[in-house]
Amino acid sequence: MVAAVARLLRRGLPVIPAVAEPVLLDLHGIVARAIDPADEASRTAALNSTLRGLLARFPDNRYAPAARALFGLPPAEPGQNLTARRDLAAEQAGHEVHHFRKRVEPRLIEKVAWELLADADRFTRSPMIAPRLAPLTERQPVQPDPFAWEVAEHEENLSRLWSAIYAARAELLTIERLISLDADRIDIGHQAVTAAWRWAVARGEVTGYTTAFAPDQEPDLLISLAGWVPALTEAQASRLVEAAGGGASREQFVSSLHGETGLGNAWVKGFLPGTPYPEKNGQSS
């Protein structure tokens, strides 16, 4: 595994099928993300996307720019050879090039390999995978038949479930990006409220779906696919779901929770410890 990742360095990203080894293309996280798991080019594209994501979130602030440069991502420039990328990576890490190559680079490669394995493990434990969609050029009417109605209803609910989970994930990713950009705390708090609304909608969809169609699935594990959220009590989580129920808009969600500062702080402080529930002009944002 480590050797396969190390061999990617010679050319850097994007990986091409000729250098992507089976040990990488067969990882659960790669196969699950591929549009066509049976197609090597599709799995190579999934590997590229996964590596870019892992390097963007490299869990070591000091060495993150060096790791990205080493694999050919910014601050490296397109087309730079390994020697140039290694020089840049050593500079970014604050090491002499020889020391970086012998002592630091192997650890960065091992870390990337470990992150790929951890990603695969998360997919192995994933309770469900979002359905793949294929382009349609013709209408597909539902036949007037109880079996066809049942199948269509399941697909409807499955689509709403994943729509809600991905909408929540988008808002949670936005928070992390704003925090990384050192954005204004009021703006981060405003975004946190939006994320709470989307997360609550998703949690409601998860509960409804598992109750009706998948009682063997664990709701908490399914909603965790949206991303990390602050720790809440069951009562607090239920209150958020209640406020977001019935197709409530964000404004209606906020209005329903008006005055519940403790709940707001439990959510927002999870992202920004010490930050009170944000308010603008005396109103909860």
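**Figure 1. Helix H8 and the lining of the largest pocket.** In this predicted model, helix H8 contributes 10 residues to the lining of the largest pocket, the most of any element. The pocket holds about 1,800 Å³ of space. Its lining comprises 45 residues, of which Arg33, Arg57, Arg122, Arg169 and Leu225 are the closest to the centre of the pocket. Besides helix H8 (146-180), the elements that give two or more residues to the lining are helix H3 (28-33), helix H4 (40-56), helix H5 (64-70) and helix H7 (97-124). By residue class, the lining of the largest pocket consists of 25 nonpolar, nine polar and 11 charged residues.

Figure 2. Arg250 belongs to helix H12, which covers residues 250-256. Arg250 is buried but forms no salt bridge. The side chain of Arg250 instead reaches the backbone oxygen of His190, at 3.0 Å.

Figure 3. Asp121 is located in helix H7. The C-alpha atoms of Asp121 and Gly29 are 7.8 Å apart in space, although 92 residues separate the two in sequence. Asp121 has a relative accessible area of 37%, so this residue is classed as partly exposed.

Figure 4. The bond from Leu13 to Pro14 is cis, and its omega is near 5°. Pro14 is placed in the loop that connects helix H1 (2-7) with helix H2 (22-25). A cis peptide bond is also found between Pro74 and Pro75, with omega at about 20°. Pro75 lies in the loop between H5 and helix H6 (82-93).

Figure 5. Asp182 occupies the loop between H8 and helix H9 (185-212). Although Asp182 is not a glycine, its phi is positive, at about 55°. The relative accessibility of Asp182 is 67%, and the residue therefore counts as exposed.

**Figure 6. The whole protein, as context for the close-up views.** The protein contains 13 helices and two strands. Of its 285 residues, 41% count as buried. The C-alpha trace spans about 60 × 55 × 35 Å along its principal axes.

Notes. Residues are numbered from 1 along each chain as its sequence is written. This is a predicted model: local features need pLDDT of at least 70, side-chain atom pairs count only at pLDDT 80 or more; totals for chains, interfaces and linings use all residues. Side-chain values use heavy atoms; hydrogens and water are left out. Helices (H or I, at least four residues) and strands (E, at least two) are DSSP runs, numbered from the N terminus. Buried means under 20% relative accessible area, exposed over 50%, partly exposed in between (1.4 Å probe, protein chains only). Lys and Arg count as positive and Asp and Glu as negative; His and the chain ends are not counted. A salt bridge is a side-chain nitrogen of Lys or Arg within 4 Å of a carboxyl oxygen of Asp or Glu. A polar contact is a pair of N or O atoms within 3.5 Å; within protein, one must be able to donate a hydrogen and the other to accept it, and residues adjacent in sequence count only if both atoms are side-chain atoms. On a 1 Å grid over the protein atoms alone, a cavity is a set of points where a 1.4 Å probe fits but cannot get out, and a pocket is an open set with protein on both sides within 12 Å along at least five of seven lines; lining residues have an atom within 4 Å of a point. Grid points are joined across faces, edges and corners, and a volume is the space filled by probe spheres set on the points. Ala, Val, Leu, Ile, Met, Phe, Trp, Tyr, Cys and Pro count as nonpolar, Asp, Glu, Lys and Arg as charged, and the others, Gly among them, as polar.
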